[in-house]
Amino acid sequence: MSTFRVAHLERTLPIAAKLVRINWLLVVLLCLGAMIGVAVLYSIADGSWTPRAAQHGVRFGIFLLLMLLLALVDIRWWMALAYPAYAVALLLLIGVEVVGVKVMGAQRWLDIGPIRLQPAEIMKLALVLALARYYHGLAVERATSIRHMVLPALMIGLPMLLILHQPDLGTAMLVGGTGVAIVFLAGLSWRVITLGAVLGLIGGVAFLVFGLHDYQRARIETFLHPERDPMGAGYHILQSKIALGSGGLSGKGYLGGTQSHLNYLPEKQTDFVFTALGEEFGFIGTLSVLVLYVLILFTGMMVAHRARHSFGRLAVAGVCVTFALYVLVNISMVIGLIPVVGVPLPLISYGGSVMLAVMIGFALVMNIHIHKDMDLPSGQGWLL
Amino acid sequence: MARRRQDENAGELFTRRALVLGGAGLGAFGVLAARLYKLQILEAERYRGLSDDNQFNFQLLPPSRGRILDRNGTPLAENIDNFRLLLDPDQVDDLQGLLDRLGAIIPLSDDARQTIIKAVDRRSAFSTVVLAENLDWQAFAAANLHLPKLAGVRPEVGESRQYPSGTSMAHIVGYVGGVPEEAQTDEPLLRHPGFRIGRTGTEKALDGRLRGQAGALKVEVSARGRVVRELPDPATAAIAGDDITLTLDHRIQTFAANRLEGMSAAVCAIDIRSGAVPLLLSNPGFDPNLFANGISSPAYKALLDNDHKPLFNKVLGGTYPPASCFKPVVAMAALQHGVTDGKERIRCTGKTKLGDREFHCWRRKGHGPVDMLGAIGTSCDIYFYEMAKRLGIDRVHDAARVFGFGENFDLGLGGGNDGLVPNQAWKRARFGTSWSQGDTLISGIGQGYLSATPIQLAVMTARIASGRKVVPHLYSDVGQGIGGADGGFEDMALPTQHLAAVHAGMTAVCEAPWGTAFRLGGLDLGDIKMAGKSGTGQVRRISTQERDDRVRRNEELPWKLRDHALFVNYAPADEPRFALAIVVEHGGGGSSVAGPPARDILRELLKEDMKNTASNVPGEALGAENGA
């Protein structure tokens with residue numbers, strides 16, 4: 001039995017075999033998501049392909065090809081690049097501290113020639129890769145030991161602190177959440193989890209009381225009492241809820257959203273795109289989008305489940321967790337469950353940088369799906 | 001083998017924990033779904049209402065600004081249709097391109113383009129920007145025709161302010177301008193694009209009454225305030241601002257402006273019975289229309305650099321030594337305190353000594369012995385040095401205050417000046433030195449520290465002429481009850497014979513062959529006599545050496561060093577109706593330079609009054625009395 005399985009671990013894979021193994025269900029689901037994005041952006045522009053709908057579609061097409069290309073690359077390349085990628089991302093984050101460009105009060109961008117880079121975006125994926133690489137081959141018993149907790153804690157903590165300092169609370173929490181989820185999946189002991197939860201609670205409360213920037217405090221204040229300042233900071237949440245609520249069961253009809261077309265919605269092409277969708281397609285529309293996201297995540301987790309190496313399982317799960325957090329945080333924000341943080345809705349929101357990050361993430365998922373039976377060199381639990 | 005087991009262990013652990021995580025994730029999605037259900041199904045009705053509230057809005061209808069009229073109803077400030085184009089920058093992706101297209105349709109200078117681009121950069125949320133104003137009908141029609149090509153551009157017919165009387169009324173009427181940031185309140189009208197508030201003069205002083213109240217129109221609007229369509233639903237109409245009637249007479253004002261052409265001068269007249277001000281002119285003026293439509297910086301700089309100070313209202317804010325015009329006040333005080341009986345003669349030899357200082361009379365060879373009548377009529381300095389010496393500065397000071405010196409008569413316009421009436425306490429506080437008798441002497445002839453505004457001189461003249469505490473006013477409805485046609489002003493309780501003595505002196509100035517202003521030839525209005533007093537306000541100090549050598553004549557001096565020419569007068573001398581004061585900056589001699597326009601303008605006032613009263617209010621009129 002066991003020999004049978006060992007025999008099936010592959011060492012090399014011809015390109016034709018890889019092409020056959022592409023997970024077309026995942027491709028179809030992603031295309032569906034991007035098409036919804038195009039449709040909503042078309043409607044927001046008062047029924048026009050410009051300035052965003054067409055570009056969104058074209059961009060997705062290019063990134064889809066890129067994704068398939070990256071999926072075919074030997075998985076060992078991804079593994080080999082895990083730590084260097086993490087190191088580069090960390091350096092870039094430090095670079096932002098030093099020479100970053102300020103956009104709307106936050107230092108998040110790095111100007112490299114014609115490209116403006118958001119290193120936090122790179123870090124999300126790099127952290128997933130690095131943690132998966134770290135835990136790959138590390139025995140479960142050892143993975144749960146405190147001694148082997150130090151490095152992952154640093155790997156998660158450092159970028160979090162740097163991103164927090166930008167300041168970008170939302171992304172910091174996304175990065176932290178993803179990292180903790182991977183550590184949890186790798187086998188963190190429940191004792192440590194309990195302890196961490198308690199410490200996290202205390203730290204979180206302390207941060208809320210002492211560590212928040214004024215604008216962050218204001219956002220939370222607004223979130224708790226949006227009606228106090230309907231024309232000011234609470235405006236966004238209120239208008240967003242009005243748009244969603246007035247959509248009702250079946251919506252105001254495609255191209256018929258008054259809130260979005262009369263410009264009451266803020267950031268409707270990026271962070272609040274879900275609201276525009278909800279106004280025109282109603283509860284049926286929003287629920288369908290939720291279902292689509294759940295399907296994508298389920299497909300992803302099945303890939304993780306079938307992978308026969310820790311690196312694959314954890315990396316895919318990490319991408320899925322990041323993706324899920326994006327969706328949950330964005331939708332919670334636009335329906336007023338959590339304060340406004342600048343997190344877009346993956347696949348649907350307009351924006352090249354985020355879409356690129358999402359598609360590279362799914363390239364990793366696809367890559368692991370193709371290489372699920374690959375025989376990978378085991379890690380030692382350290383940097384090799 | 002070990003590794004494989006290890007992988008399987010890790011795999012099992014992963015699956016268990018992934019199920020936990022997946023369950024949590026599914027739970028989170030479930031919460032979102034539940035929340036969306038509540039929002040979109042259970043509360044849909046409520047949010048639909050709020051959405052409608054958003055969609056339909058009340059748009060501000062700016063009120064029509066009240067007009068400013070002269071006493072005869074001639075408009076001094078009125079509104080004309082303003083064809084303009086507004087821009088909603090949120091609808092525009094390519095501003096340069098839009099401006100290029102617009103520039104092909106209407107004239108658009110590079111300056112204007114820069115201004116628009118700056119305004120778009122600086123604008124606050126939800127606001128529109130004015131693209132072009134005061135377009136002619138052709139340009140406006142052309143822009144409307146091309147509107148489909150100009151997304152974001154909105155045509156509007158607004159109102160803009162016009163000042164038909166132009167320069168002569170500029171200081172009083174003032175002008176309107178954009179709302180400065182410091183004047184912004186939460187009143188939405190102030191944010192309305194292109195809304196103007198009063199910035200100076202009456203426009204500013206009575207802005208609240210002129211402005212009116214904004215109305216509202218129900219419209220479907222975008223969040224940025226762009227109107228999608230107007231709805232026929234009831235709307236509240238805007239309430240126009242009040243018209244304000246001034247006491248000024250446009251005709252007189254224009255006459256005075258023409259008469260003082262080229263001079264840097266201030267003239268002001270007061271209706272002695274009511275306190276109404278029919279004339280208040282600071283010359284040169286400026287064209288308020290320039291300001292109402294946004295003045296160009298070279299034009300503004302030219303106004304600022306002009307040494308005749310066209311932007312400054314000299315009547316209310318300019319201070320000058322009252323010079324010999326002050327002498328009647330000293331005479332009144334001398335009689336009141338009994339330091340002379342008026343008949344006493346003082347010998348004028350052309351100079352007098354105080355210690356080792358010499359004080360000169362303007363007439364170097366002297367006037368010989370003069371009584372009060374002669375002293376006022378010939379404006380003898382030696383006589384008034386003596387009177388001031390006998391009175392002492394504090395009594396001179398008190399008398400000056402009673403006649404209106406040192407009091408700010410800004411007529412509600414702002415920008416008035418107190419002038420200065422010195423006394424011993426003042427000098428000690430100001431310079432830390434004690435008052436000298438020499439100071440008293442030159443105060444006696446209205447020089448030295450003493451300074452006064454032209455309107456104070458007019459008030460002084462009105463009070464001396466009537467013996468009543470006349471207070472000037474500019475707004476007819478504000479003036480009711482202050483004075484009134486029958487002279488409701490407080491009686492100053494001055495003995496009739498004292499008044500008569502000073503009146504006689506001032507009448508002699510104009511009517512006696514030896515009077516300083518006899519050359520003017522009187523009013524030339526039949527029996528009506530004029531009383532007055534000239535003054536020549538010294539601007540520079542004349543050194544002893546120059547006095548010994550030869551005092552330079554005004555024509556030999558640079559303009560800035562020449563004497564101020566002053567003249568105050570009232571008429572008719574026996575039943576005073578109008579008091580007038582004029583200052584010609586650096587004009588030279590009072591009676592020769594300021595006298596003629598003062599006489600002409602006073603005559604014009606009387607003629608206008610006769611015309612009006614003869615046709616309107618019989619019985620009370622001057623003309624009627626003449627006819628009787």
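A residue counts as buried if 20 or more other C-beta atoms lie within 10 Å of its own, and as exposed if 12 or fewer do. Keep that rule in mind as you look around this predicted model. By that rule A:Leu347 is buried, because it has 28 C-beta neighbours inside 10 Å. In chain B, which has 628 residues, 42% count as buried.

**Two residues with positive phi in chain A**

- A:Leu347 has a positive phi of about 75 degrees, although it is not a glycine.
- You can find A:Leu347 in the loop between helix H15 (310–334) and helix H16 (352–370) of chain A.
- A:Asp46 is not a glycine either, and its phi is positive at about 60 degrees.
- The loop between H3 and H4 of chain A holds A:Asp46.
- Is A:Asp46 buried or exposed? A:Asp46 counts as exposed, because it has 9 C-beta neighbours inside 10 Å.

**Cis peptide bonds**

- The loop between helix H3 (24–44) and helix H4 (53–72) of chain A also contains A:Pro51. The peptide bond leading from A:Thr50 to A:Pro51 is cis, with omega near 0 degrees.
- In chain B, the bond from B:Asn283 to B:Pro284 is cis, again with omega near 0 degrees. Look for B:Pro284 in the loop that runs between strand E12 (279–283) and helix H10 (288–292).

**Chain B in outline**

- Chain B contains 24 helices and 19 strands.
- Among the chain B contacts with a separation of 6 or more, 74% are between residues 24 or more positions apart.

- Strand E11 (residues 265–271) of chain B pairs with E19(B) in the antiparallel sense over seven bridges. In this pairing, B:Ile270 has B:Ala579 as its bridge partner.
- Strand E18 (residues 564–571) of chain B also runs antiparallel to E19(B), and seven bridges join them. Here B:Ala565 stands opposite B:Val584.
- A hairpin of six residues links E18(B) to E19(B).

**A covered helix, H13 of chain B**

- Helix H13 (residues 327–336) of chain B is mostly covered, with nine of its ten residues buried.
- Those buried residues include B:Lys327, B:Pro328, B:Val329 and B:Met332.
- Just after H13(B) comes B:Gly338, which takes a positive phi of about 70 degrees.

**Nonpolar cores**

- The largest nonpolar core has 126 residues. Among those with the most contacts inside this core are B:Val267, B:Cys268, B:Phe578, B:Leu580 and B:Ile582.
- At least three residues of this core come from each of domain 1 (59–245) and domain 2 (250–627) of chain B.
- A second, separate core has 122 residues, including A:Ile182, A:Leu314, A:Leu347 and A:Met366.
- Which residues does B:Cys268 touch, leaving aside those up to four places away in sequence? Its contacts include B:Val277, B:Leu279, B:Leu280, B:Val315, B:Ala458 and B:Ala581.

Technical notes:
Residues are numbered from 1 along each chain as its sequence is written. Chains are lettered from A and ligands numbered from 1 in the order in which they are written. This is a predicted model: local features need pLDDT of at least 70, side-chain atom pairs count only at pLDDT 80 or more; totals for chains, interfaces and linings use all residues. Helices (H or I, at least four residues) and strands (E, at least two) are DSSP runs, numbered from the N terminus. Two strands pair if DSSP finds at least two bridges between them. Two residues are in contact if their C-beta atoms, placed from the backbone, lie within 7 Å. A nonpolar core is a set of buried Ala, Val, Leu, Ile, Met, Phe, Trp, Tyr and Cys residues joined through C-beta atoms within 7 Å. Domain bounds come from an automatic or database domain assignment.
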